[in-house]
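Take a short walk through this structure.

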Amino acid sequence: MSSISDSMLDILVNTGKTGATQSGSDRYNPDNITKKDPGELSFTDMLQLMVAQFQNQTIDNTADTSDMMNQLTQMTSVQAMTAMTTSMESLVKSNTLSYGASLVNKEVTVGVYNEETKKYDELYGTVEAMGMYNGEPVIFIEGKSYPLSNVMAVGRLPEPQEPEEGEGEGEGESEGTPTVPDEDAKG
């Protein structure tokens, strides 16, 4: 490791920021400290490293500006992708809340897991309200909350129809369904 890198590391470890950007009274003010992962490098940290490297370069050991510009471009791209991801998550949450709110006073079918049968039972009822519980959208039917993701249908689902006797899966032909001639049957 070069002396430039050692001095940059010393600046970051001992003060958290370069001395050129903060006065002595601000540097150790507990109100200015934000909690973050110590292994996380923010965009500001990256810029401070670059400034420290430029300030501490010598004639025989100059900073490579093209490498720094590449790193700056990469950090800008990562920051833009993070902002876009945050915006998309916010948009999805907003759409989900709008959908849940649109279900109020509508009849829905909700899947409720039955511990005894290990299957989902269908609960049919009118949505009384919609809200958030532990960060997840929920609807209220008859005073009980159900996750919005458990809504199976708006309205009542039709009862499952049992196959008639003599009809099994793949057996027989249904009326009105045209048959496709076999390619080998053509002569």
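A salt bridge is a side-chain nitrogen of Lys or Arg within 4 Å of a carboxyl oxygen of Asp or Glu. The model here is a predicted one. It holds 1 salt bridge. The partners are Glu115 and Lys118, and their closest N and O atoms are 3.9 Å apart. Are these two residues buried or exposed? Exposed means over 50% relative accessible area. Glu115 has 55%, so Glu115 counts as exposed. Lys118 has 53%, so Lys118 counts as exposed too.

In soluble globular proteins, nonpolar side chains tend to be buried together. The largest nonpolar core has 9 residues. They are Leu103, Val108, Val110, Val127, Ile139, Ile141, Tyr146, Leu148 and Val151. Strand 1 (107-114) supplies at least two residues of this core, and so does strand 3 (136-141).

What does Val127 touch, once neighbours within four places in sequence are left aside? Its contacts are Leu103, Val104, Asn105, Lys106, Val108, Ile139, Phe140 and Ile141.

Finally, look at the surface. Val78, Met81, Met84, Met88 and Leu91 form a nonpolar patch there. Together they have about 500 Å² of accessible area. Pick out Met88, which is found in helix 4 (residues 65-102). Its relative accessible area is 48%, so Met88 counts as partly exposed.

Key. Residues numbered from 1 in each chain as written. Predicted model: local features only at pLDDT ≥ 70, side-chain atom pairs only at ≥ 80, totals over all residues. Heavy atoms only, no water. Patch = residues over 30% accessible without salt bridge, like charges linked within 9 Å, V, L, I, M, F, W, Y side chains within 5 Å. Areas by Shrake-Rupley, 256 points an atom, 1.4 Å probe, with all protein chains shown as cover. Helix = DSSP H or I, 4+ residues; strand = E, 2+ residues; numbered from the N terminus. Buried < 20%, exposed > 50% of the residue type's maximum accessible area, 1.4 Å probe, protein only. Core = buried A, V, L, I, M, F, W, Y, C linked by side-chain atoms within 4.5 Å. Contact = heavy atoms within 4.5 Å.
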